[in-house]
Amino acid sequence: MTPNSAPALSDLATGLCIVFILLVPFAAAGLALINTGLGRSRSAAHAILASLIVVSVAAVVYFVCGFSLQGVAGGAAHSIALRGDGWNLIAAQPWFLRGLKLGGSPASLEVWLGLLSVGIAAIIPLGSAGDRWRLDACCVSTALFAAIIYPIFAHWVWGGGWLAQLGTFYGLGRGFEDAGGTATIHVVGGLAALSIAWILGPRRGKYAADGMPAAIPGHNVVYIVFGCILALVGWCGLNAAGAILYAGVAAQSSVLIMLNTTLSAASAMIAALVLTRTRFGKPDASLCANGWVGGLVASSAAAPFLPPAAAVLVGLVAGVIVPLSVEWLDLHLAVDDPGGAISVHAAAGLWGVLALGMFARFPDAAQAGATGAGRQWLAQIVGIAALLGFVFPLTYALNWLLNRYVPQRVAREGERQGLDLYELGAGAYPEFLTHSDDFLQR
Amino acid sequence: VIAPDIVPAGTNSMKLAGFLLLPAGLLLVASALILLAADGPRATFVFAGIGVEILGLVLVARAHLADTETRE
């Protein structure tokens, strides 16, 4: 066990953090609207309700045991000694937040932000599992995610774990850095989305016998675009609060963080717009929206450390990666991801993690004490190795096991009928006529 | 009623091999950090670890692609 102490925050930083954390639920609302709009109309109520349910399940499970595994930097933890260095692997806090002073201390703000962040991460797989994920299986999968997967990786990055210690032990810059949660929230959520999409398989009728995918467009572009705007508000809060709490950035840097977040999203959207316009002759609304969110995701890790021009570059690359990744997964890997969650959160997120290593400029005060600043990129690559080599297999294995006992995919009849009627007994738009071809057996 | 998986045995072993390569790559990366001090060899082994993970991902993706084709 390694005991330490968390640094205190000024009154200004504490007050700003509270305001920023209050904005974070907008990110969850934005993602929920985007996922709902990109799904079918006959599963819309299910999609939006499932978002609220996973946020609730994740929050309660995180309160019960998740935070005890994540902990705070400098808190009690289990370590193993490897050639003289104590690799901090997992926190050892009491369950139910016992012993934690919840009076505005940095640790209490981290718990509050963690409670919301785990919900955002848990919403991400709903995007790839649209129109076919059973609600009860979704709840159990979310509980496993919030109890085990998210807290362990969050401890490694934000709780003083071995990835955060890479700078101290091995001279790799500041250690793995992820101020706003690009890796900890989005790539972890995106890899869970990939696991779920593979375990569930594609929607019926998505792929013809010759392997060609059918286009199943989202049912409401208005939800999607409004969700993008809401997400920007939430992301500004998430990135700023994360930077203050997890990266020790001064509260005055909040303006730069929000500027970079907005620029990254805007440039990613423009890149996706130009790319889809060039390739398909007309801009694609859903891919442009996905590009926007991809820009937000890519900005999170490095927003406090980038000059605005670099934030634009990060966004432009994310805006190219997302549509190409969506097309590649759909056409070549037969991964049915209605919400584009894997491309937006995992692919753009991995780019955001790398971009920090390439473009970040750390302020002198924050740099003090860190050695090997030029090796920050290697710390980021080690973080990516941990995501692919630990988080992904663990997520897949847990969901595969769950699928053996609680089948995750809805029955054929449920898919034909739509999840609204089949699982909830009522549709999202009861006064609307349903298109008859929605009920054709595929 | 959930349709039973009709998956050729070969894809399961390919999937398993892929999933074993993923943590193997991470072990290579961790070993490079612990055992190597010089920048060049350490970076080389870290990239080798990432390469092993990518190979694992490719195997898993190919196995799932075969599963999907079988289902369809």
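Arg203(A) is buried, at 2% relative accessible area (buried is under 20%, exposed over 50% and partly exposed in between, with a 1.4 Å probe and protein chains only). The residue sits in the loop between α7 (182-200) and α8 of chain A; helices here are DSSP runs of H or I with at least four residues, strands are runs of E with at least two, and both are numbered from the N terminus. Leaving out residues up to four places away in sequence, Arg203(A) touches Arg40(A), Gly130(A), Asp131(A), Arg132(A), Ile216(A), Asp336(A), Pro338(A), Arg409(A) and Glu415(A), where contact means heavy atoms within 4.5 Å.

A word on the ground rules. This is a predicted model, in which local features need pLDDT of at least 70 and side-chain atom pairs count only at pLDDT 80 or more, while totals for chains, interfaces and linings use all residues. Residues are numbered from 1 along each chain as its sequence is written, chains are lettered from A and ligands numbered from 1 in the order in which they are written, and side-chain values use heavy atoms, with hydrogens and water left out.

Most residues other than glycine have a negative phi. Asp131(A), however, has a positive phi, near 70°. Its place is the loop between α4 and α5 (135-158) of chain A, and at 6% relative accessibility Asp131(A) is buried. Phe96(A) also has a positive phi, near 55°. This residue belongs to the loop between β2 (85-91) and α4 of chain A. Is Phe96(A) buried or partly exposed? With a relative accessible area of 43%, Phe96(A) is partly exposed.

Next comes helix packing in chain A. The axes of α2(A) (residues 25-38) and α4(A) (residues 106-128) approach within 9 Å and cross at roughly 10°; axes are lines fitted to C-alpha atoms, for helices over the stretch in contact, with angles from 0 to 180 degrees between N-to-C directions. That makes the two helices, α2(A) and α4(A), roughly parallel (angles under 35 degrees count as roughly parallel, over 145 as roughly antiparallel, 65 to 115 as roughly perpendicular and the rest as oblique). On the α2(A) side the contact uses Pro25(A), Ala27(A), Ala28(A), Leu31(A), Ala32(A) and Asn35(A), and these meet Leu116(A), Ile120(A), Ile123(A), Ile124(A), Leu126(A) and Gly127(A) of α4(A). By class, the contact of α2(A) with α4(A) has ten nonpolar, two polar and no charged residues; Ala, Val, Leu, Ile, Met, Phe, Trp, Tyr, Cys and Pro count as nonpolar, Asp, Glu, Lys and Arg as charged, and the others, Gly among them, as polar.

Helices α8(A) (residues 221-246) and α10(A) (residues 285-300) pack at about 5°, with axes 10 Å apart, and are therefore roughly parallel to each other. Contributors from α8(A) include Cys228(A), Leu232(A) and Trp235(A), and those from α10(A) include Trp292(A), Val293(A) and Leu296(A). The tally for α8(A) with α10(A) is twelve nonpolar, three polar and no charged residues.

Ile124(A), one of the α4(A) residues that meet α2(A), turns up again around Gly190(A), which touches Ile124(A), Ala341(A), Ile342(A), His345(A) and Ala346(A), not counting residues up to four places away in sequence. Gly190(A) lies in helix α7 of chain A and is buried at 0% relative accessibility.

As for cysteines, the structure holds zero disulfides over all chains, a disulfide being a pair of cysteine sulfur atoms within 2.5 Å. For Cys65(A), the nearest cysteine sulfur, that of Cys139(A), is 15 Å away. Cys65(A) counts as buried, at 13% relative accessibility. Cys236(A) is likewise in no disulfide, with the sulfur of Cys228(A) nearest at 14 Å, and its relative accessibility of 9% makes Cys236(A) buried.

Chain B has two helices and zero strands. Of its 72 residues, 36% are buried. The accessible surface of chain B is about 3,800 Å², 74% of it from carbon and sulfur atoms (areas come from the Shrake-Rupley method with a 1.4 Å probe; for residues, only the protein chains shown count as cover). Among chain B contacts between residues at least 6 apart in sequence, 73% join residues at least 24 apart. Val60(B), in helix α2 (residues 39-71) of chain B, is buried at 0% relative accessible area. Neighbours within four places in sequence aside, Val60(B) is in contact with Trp198(A), Lys15(B), Gly18(B) and Phe19(B).
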